[in-house]
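Student: Could you take me through a close look at one part of this model? I would like one connected picture, please.

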Amino acid sequence: MEAVIGGARVALPWLDMFLGGTDTSAVTLEWGMAELMRNPAIRKKAQEEVRRIAGEEGRVEEKDINQLHYLKMVIKETLRMHPPTTLLAPHECMRDTKLQGYDVMAKTMAIINAWAIGRDPRSWDRPEAFCPERFEVRRVDFRGSSFELIPFGSGRRICPGMALGLAGIELAFANILCHFDWDLPNGTTPEELDMEERFGLSTRRKKPLVLVAAIPPS
Ligand code: HEM
């Protein structure tokens, strides 16, 4: 990100880092919870796993994260359907290139729609269904090597904060599922939950997610 200070353009990489690092994780968490509210059976399965791993300590810590196999699939499925940086970052072609029969001129701006790629029926069976189990049979990586799932981009400009972002999302997601039972307010049914998006720097929910938290009976 750049700012104009005293007439001069100044690069602000720390601001990129701050915005890229906080907003994306918060948006992913909100979409993930929304999908779990629409899919109670998936929520129950994720919550059972988290509470089993939390055990007697009653909380999930960083050392436990690698055991959260189902929750990791829930997060992967969330990033497939709701990549926060919908259009990744614009890339400029450095030299004249031929790509799959197309001529791409130097200086061409390439904008990649990760949202559409994640919902492409040529790559995904029932793409509009939230189904973490699809990753049990299909070993798709989302770290830049499987082009059908690129929420963090790919190649030399892939998101450098991926590991940090994922660890934060996993830990926060696990603990909010561990400590509370969740419900929709005012008798809203899962089918009625509004999933409309608002496109922006990161694509968030048009209406913020409002949920009722309850402490589970011990
Ligand atoms: C769910 C979490 C996150 C997602 C989905 C995400 C996604 C992305 C995407 C799609 C890009 C553009 C990649 C491209 O150019 O093709 C990017 C770039 C970047 N991200 Fe993230 N990000 C996340 C978390 C973070 C965190 C936690 C940090 C830092 C603490 C971070 C810092 C950056 C920076 C500095 C860039 C620019 C890299 C460059 O241009 O070379 N991101 N991110």
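**From an annotated cysteine to its neighbouring helix**

Tutor: UniProt, in an unreviewed entry, lists Cys 159 under "binding site"; UniProt positions follow the numbering used here, feature names are shortened, and annotations may be inferred rather than shown by experiment. Residues are numbered from 1 along each chain as its sequence is written. This is a predicted model, in which local features need pLDDT of at least 70, side-chain atom pairs count only at pLDDT 80 or more, and totals for chains, interfaces and linings use all residues.

Cys 159 sits in the loop between α5 (134-137) and α6; helices (H or I, at least four residues) are DSSP runs, numbered from the N terminus. Cys 159 counts as buried because it has 22 C-beta neighbours inside 10 Å; the cut-off is 20 or more other C-beta atoms within 10 Å, with C-beta atoms placed from the backbone. Leaving aside residues up to four places away in sequence, Cys 159 touches Phe 152 and Gly 153 (contact means C-beta atoms within 7 Å).

Now to α6. This helix has 18 residues and spans 26 Å from first C-alpha to last, close to the 26 Å expected at 1.5 Å a residue (1.5 Å times one less than the number of residues). Its buried residues include Ile 169, Glu 170, Phe 173 and Ala 174.

Definitions and conventions. Helices (H or I, at least four residues) and strands (E, at least two) are DSSP runs, numbered from the N terminus. A residue is buried if 20 or more other C-beta atoms lie within 10 Å of its own, exposed if 12 or fewer, and partly exposed in between; C-beta atoms are placed from the backbone. Two residues are in contact if their C-beta atoms, placed from the backbone, lie within 7 Å.
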